[in-house]
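I open the notebook on this entry. The items below are in the order in which I looked them up.

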Amino acid sequence: MTTDAARHATGKVAYQGEPGANSHLACEQMAEHLEPMACQTFEDAIGAVQDGTADLAVIPIDNSSAGRVADVHHLLPGSGLWLVGEHFLPIHFHLMALPGADIEQIRSVRSHAHAFGQCRTIIREHGWRGVVADDTAGAAREVSEGGDPTVGALSPLLAAELYGLDVLASDVEDEHHNTTRFVALSPEPVEVTRQEGTPYVTSFLFRVRNIPSALYKALGGFATNGVNMTKLESYQVGGVFAATQFYADVEGHPEDTGLGYALEELSFFTDELRMLGTYPASPLRTGLGSADPTDRPRPHAP
C-alpha cells in the first residue's frame, strides 16, 4: 500500500458524464477534497484511475428503480481497482427545455438510457420519443445547443442552471425512493481497521468450480455463520457458459469471526476468490445515523 501523498497525487476524482450530471454531484458529496473530472465513458473514468490521471473514480453501480448499471458490472471485475467507499444518492429528474418552451410543445426527450427506465410514466403519458444521450447533463447541453423548443431533457436540476434551460416539471421519476448507489474506486487497497459497533461492507469476486451444487455449497457458509449477503451478481467469463464468475457484497469485516469462517468455507468451492475491498457501510444502507444530506459517508481518502 502506498502512502497517502503518493496515492492521492493528482487531486482529481473521475466520473462518467458532463458537469451537472448526478455522478458529478456524487463526486462532490463523496470526495469534496478532490476536483471532479468529467469523462465521456465509464471506461474513461476507470482508465483515468488506472493510468494515474485521477486519484479516485466515483461510479454508479445500482439504482433502486432500474437495477444494476450493466456497463459498470462488465468493467469492474477486470479493472484491477479497489472499492474504498460507497454513497447512496437520491435521484431526481426534471423535465427541462429552452426558455419559453411549454410542456405541450415537447415531442421528444433526451437523457441517459438508464434515466428512461426511471421515468417511464411521464414519457408514456405524454407519448414522447426518447433519444439516448451519453449522460443526463449532456442531454441538457444538447437541448440548449439545439435550439428546438419541441425537444426536452430529463436531467438533474444543476444541469438546467448550467445550460440556461427552463424547468417545466420537477421530480418526474417514477419512484420517490429512487436512489443510486455509487462506489469509490482506488488503484490501491485501503486497510480499514475494524472498530466495534461500526457496520462494514466487504466486496469480492469469486468463481465457483464446475461441479454440481458448487454455488449452493459455496454460499452455505454465509448462511450458517449468520452473514448477510446484500448483493450477488453473475458474469459469464472466457466466452463459455460453464465458467461463471460472481460479484458479491456482504455485511461485515473479514476480521469478524463469522465472515472469516464464511470466506474460508467459500474458498473450498471456488477456483478463484479475489477481495475487492472493505469499507464502512453508508448510514443510508444500514438505517443507522442521520439521513441528513449534510451527513455523508466518505471514501477512505484524505
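Which residues does Val172 touch, not counting residues up to four places away in sequence? I found Phe93, His94, Leu95, Cys119, Ile122 and Leu154; contact here means heavy atoms within 4.5 Å.

Notes on the source. I am working on a predicted model, where local features need pLDDT of at least 70 and side-chain atom pairs count only at pLDDT 80 or more, while totals for chains, interfaces and linings use all residues. Residues are numbered from 1 along each chain as its sequence is written, and side-chain values use heavy atoms, with hydrogens and water left out.

Cores. I looked up the largest nonpolar core, which has 30 residues. A nonpolar core is a set of buried Ala, Val, Leu, Ile, Met, Phe, Trp, Tyr and Cys residues joined through side-chain atoms within 4.5 Å; buried means under 20% relative accessible area, exposed over 50%, and partly exposed in between, with a 1.4 Å probe and protein chains only. Val58, Val109, Ile123, Trp128, Leu154 and Val172 touch the most other members. The elements giving two or more residues to this core include strand E1 (12-16), strand E3 (56-63) and helix H6 (120-126). Helix H2 gives the most, with 3 residues. Helices (H or I, at least four residues) and strands (E, at least two) are DSSP runs, numbered from the N terminus. Apart from this core lies another, of 27 residues, among them Ala48, Leu185, Tyr235 and Ala281.

Helix H3. I checked residues 42-50 and noted Phe42, Ala45, Ile46, Gly47, Ala48 and Val49 as buried. Gly52 follows H3 and has a positive phi, near 85 degrees.

Sheet. I traced 4 strands in an open sheet, in the order E13-E14-E12-E15, with antiparallel pairing. Two strands pair if DSSP finds at least two bridges between them. E13 (229-236) and E15 (270-280) stand at the edges with a single partner strand each, so one side of each has no neighbour in the sheet. Neighbouring strands are turned by 15 degrees against each other on average, direction ignored. I found 7 bridges between E12 (residues 200-208) and E14 (residues 244-251); Thr202 stands opposite Val250 in E14.

Helices on the sheet. H9 (residues 214-224) lies across E12, E13 and E14, at about 155 degrees to E12. H10 (residues 257-268) lies across E12, E14 and E15, at about 155 degrees to E15. Axes are lines fitted to C-alpha atoms, for helices over the stretch in contact, and angles run from 0 to 180 degrees between N-to-C directions.

Rings. I found 3 aromatic pairs in the structure. Rings of Phe, Tyr and Trp (its six-membered ring) pair if their centres lie within 6.5 Å; planes under 30 degrees apart count as stacked, over 60 as edge-to-face and the rest as tilted. Phe204 and Phe206 make a tilted pair, 6.0 Å centre to centre with 40 degrees between the planes. Phe204 is in E12 and Phe222 in H9, so the pair ties together parts 18 residues apart in sequence. Ring pairs link Phe204, Phe206, Phe222 and Phe246 into a cluster.

Arg274. I placed Arg274 in strand E15 and noted it as partly exposed, at 27% relative accessibility. Beyond four places in sequence, Arg274 is in contact with Pro77, Phe204 and Leu205.
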